[in-house]
Amino acid sequence: MTFVGQRSKKESITWFSQHVSSGKAAFFAQYGLDFVPGYREGVFLWDVESGKRLINCHCNGGVFNLGHRHPVVVDALKQALDELDIGNHHLLSEHRAALGRRLAELAPGDLPYSVFAVGGGEAIDLALKLARAHTRRPGIISVRGGYHGHTGLALAAGDPQYREPFGPLAPGFQQVPFGDVEAVAAQMNEDTAAVLVETVPATLGMPIAPSDYYAELRSLCDRHGALLILDEVQSGLGRTGRMWAIEHWADPRRGGRCVEPDILVIGKGLSGGIYPIAATCYRQELNPFLHEHPFIHISTFGGAELGCVVALTVLELTATPGFLPRVRELAERLATGLAHLQERYPDTLIEVRQLGLMIGLVFPDESCGPLMTKLMYEEGVLAIYANHDPRVLQFLPPLIMSDLEAEESLGALDRALALLSRIRGWAIIH
Ligand SMILES: Cc1ncc(COP(=O)(O)O)c(C=O)c1O
């Protein structure tokens, strides 16, 4: 191989520690996770040296929805490299136009425009800028424990642990508990520009909102002239068994069709895991501001033409008839397996939160998520705890996982749960 394993693992870890991040190197050493990803394909990752194999049920929050190096996506990029490059972000573009049009066709509601970004944080920043510019109001209400990225406005909307060292941040941000419409109503006033929510908050441990939550948020926003921004960076693009997670929440005012956001933000999986790209998709009514100021928000690499080809390929694969039904079938298979595991370990696996393949496994206390991360790693599965609720292990299998791989993941989970139960039993006795 030309790119994998060119130097010893020890040297890579030393160089990483000396020249990239000493803190990350120390963190992984402390947890005994000395895995350096080498060859990768489909649902699997191999250590660069030891040959240890992991099933990737972390998926970088959806980046690897289609697995690693999906051959159709890789071929599309290879072919595009013969003709295209990043393009010039100031000019018109055939490829950004095609991607914008396809997103408009697939969007959950009437969102005809898309602005492209390199990553989710940048796309969230634009969503918030657009909300403020359109409404001419400063207030942003977001969810406590939510996560929208580490850039400026996204950071201000997120958890205090990431923003406190960097103050003073942009003013005008308030946070409310997830799933609580009354709490939003209490904060909402004539200064509120937008309510920003991850449709399924991943870093908070995949709580699933009540069935009327989004319809009520929608009405509340409409009554106060505020915008509803949905962050589907993790939950979008088929992760929940529907193209968009919001499709699971009907709006009675739209004849049972799904709640329609004013702005939808997507990223991660849009990249196919091989070319960074994210998007802020928005309604026609919000367009006058950017029409008048077309160069007020630009991004040199956002919407790179090579990335547009990749993203279009990802959308075609995800929209192929049969793809989403298969995701739902796999989700049911896993739900059955997880229900059995809950019966076997009722005191350890105390709750399964699941919407399609967006899964959070809840354990009794905050030591369990990190411990399960390690136990699952030892059993050959990469699954990482939810940073804002460490009782929860995030379990995000690639959408292309086979039945056999699903069984293998459940087997690993079974063994890890058996160990966790024993460790907890031992800790209680002693
Ligand atoms: C829900 C959500 N929104 C936004 C982001 C930020 O995306 P990025 O890291 O591409 O800036 C993330 C990243 O994890 C995310 O999970």
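**Sheet packing and pockets in the predicted model**

Helix 12 (residues 323-344) lies across strand 11, strand 12 and strand 15 (389-395), and runs at about 175 degrees to strand 11. Helices (H or I, at least four residues) and strands (E, at least two) are DSSP runs, numbered from the N terminus. Contact means heavy atoms within 4.5 Å. Axes are lines fitted to C-alpha atoms, for helices over the stretch in contact, and angles run from 0 to 180 degrees between N-to-C directions. The model is predicted: local features need pLDDT of at least 70, side-chain atom pairs count only at pLDDT 80 or more, and totals for chains, interfaces and linings use all residues. Residues are numbered from 1 along each chain as its sequence is written, and side-chain values use heavy atoms, with hydrogens and water left out.

Strands of a sheet pair through backbone hydrogen bonds, either parallel or antiparallel. Here, an open sheet of four strands has the order 11-12-15-14, with antiparallel pairing. Its edge strands, strand 11 (351-355) and strand 14 (385-386), each pair on one side only. Two strands pair if DSSP finds at least two bridges between them. Strand 11 and strand 12 (residues 358-362) run antiparallel and are joined by five bridges. Val352 has Leu361 of strand 12 as its bridge partner. Helix 13 lies across strand 14 and strand 15, at about 35 degrees to strand 15.

A pocket is an open set of points on a 1 Å grid over the protein atoms alone, where a 1.4 Å probe fits, with protein on both sides within 12 Å along at least five of seven lines; lining residues have an atom within 4 Å of a point. The volume of the largest pocket is about 1900 Å³, a volume being the space filled by probe spheres set on the points. The lining holds 44 residues, and Lys24, Phe28, His58, Asn60 and Ile384 lie nearest the centre. Helix 2 gives the most, with five residues. Domain 1 (35-64 + 322-429) and domain 2 (71-319) both contribute to this lining, so the largest pocket lies between them. The domain bounds come from an automatic or database domain assignment.

The second largest pocket has a volume of about 850 Å³. It is lined by 25 residues, with His89, Arg96, Ser114, Val115 and Pro294 nearest its centre. Helix 4 (94-106), strand 4 (113-117) and helix 10 (287-292) each give two or more residues.
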